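Please look first at the overall course of the chain, and then at the places where its side chains meet. The paragraphs below follow that order.

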Amino acid sequence: MVSWLLLRGRCRSCAAPTSVRHPLVELATAGLFAAVTAWVAHEGRWALLPVLLHRAAAGLALALIDLDVHRLPDAIVLPAYPVTAVLGGLVGVALVATGVLRRRGHLPFGPFMLVGAALGVVAGGGVVHWYLAMSGYPLA
């Protein structure tokens, strides 16, 4: 962000204008990092900090990439498919049922991946326990 300001929004090597989006994404990421760190400090769950910071940055990146090109990189996406499918499917059905989205309309999935990651962190243990109990798996 500092370099973008110092170079007045221009490329250092060719002086071509660069998008204001770059420093805005950096600012948004810094805000997410501050919010996540504040939550971790409040809860005293410092061991989660690296994972949550990674999820925050990846989630923002996925949401913005999805809004731009309607494609997401597999390396970031594949681990979150199950949760994304359920959340996206439910929201998609609700949007089509209410007429907000046409039947063949486009629905970005990046924001749902971010919500899925957050739900996994917050409620993952409970969901796994519930699923194992429902499937008859003996719990210790």
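The protein chain forms six helices and zero strands, where helices (H or I, at least four residues) and strands (E, at least two) are DSSP runs numbered from the N terminus. This is a predicted model, in which local features need pLDDT of at least 70 and side-chain atom pairs count only at pLDDT 80 or more, while totals for chains, interfaces and linings use all residues. Residues are numbered from 1 along each chain as its sequence is written, and side-chain values use heavy atoms, with hydrogens and water left out.

Of the 140 residues in the protein chain, 20% are buried, that is, under 20% relative accessible area (1.4 Å probe, protein chains only). In soluble globular proteins, nonpolar side chains tend to be buried together.

Which residues line the largest pocket? Among them are Leu32, Trp39, Leu52, Arg55 and Val121. The elements that give two or more residues to this lining are α2, α3 and α6 (110-134), and α6 gives the most, with five residues.

Terms used: 1 Å grid on protein atoms, 1.4 Å probe; cavity = no way out; pocket = protein on both sides within 12 Å on 5 of 7 lines; lining within 4 Å. Buried < 20%, exposed > 50% of the residue type's maximum accessible area, 1.4 Å probe, protein only.
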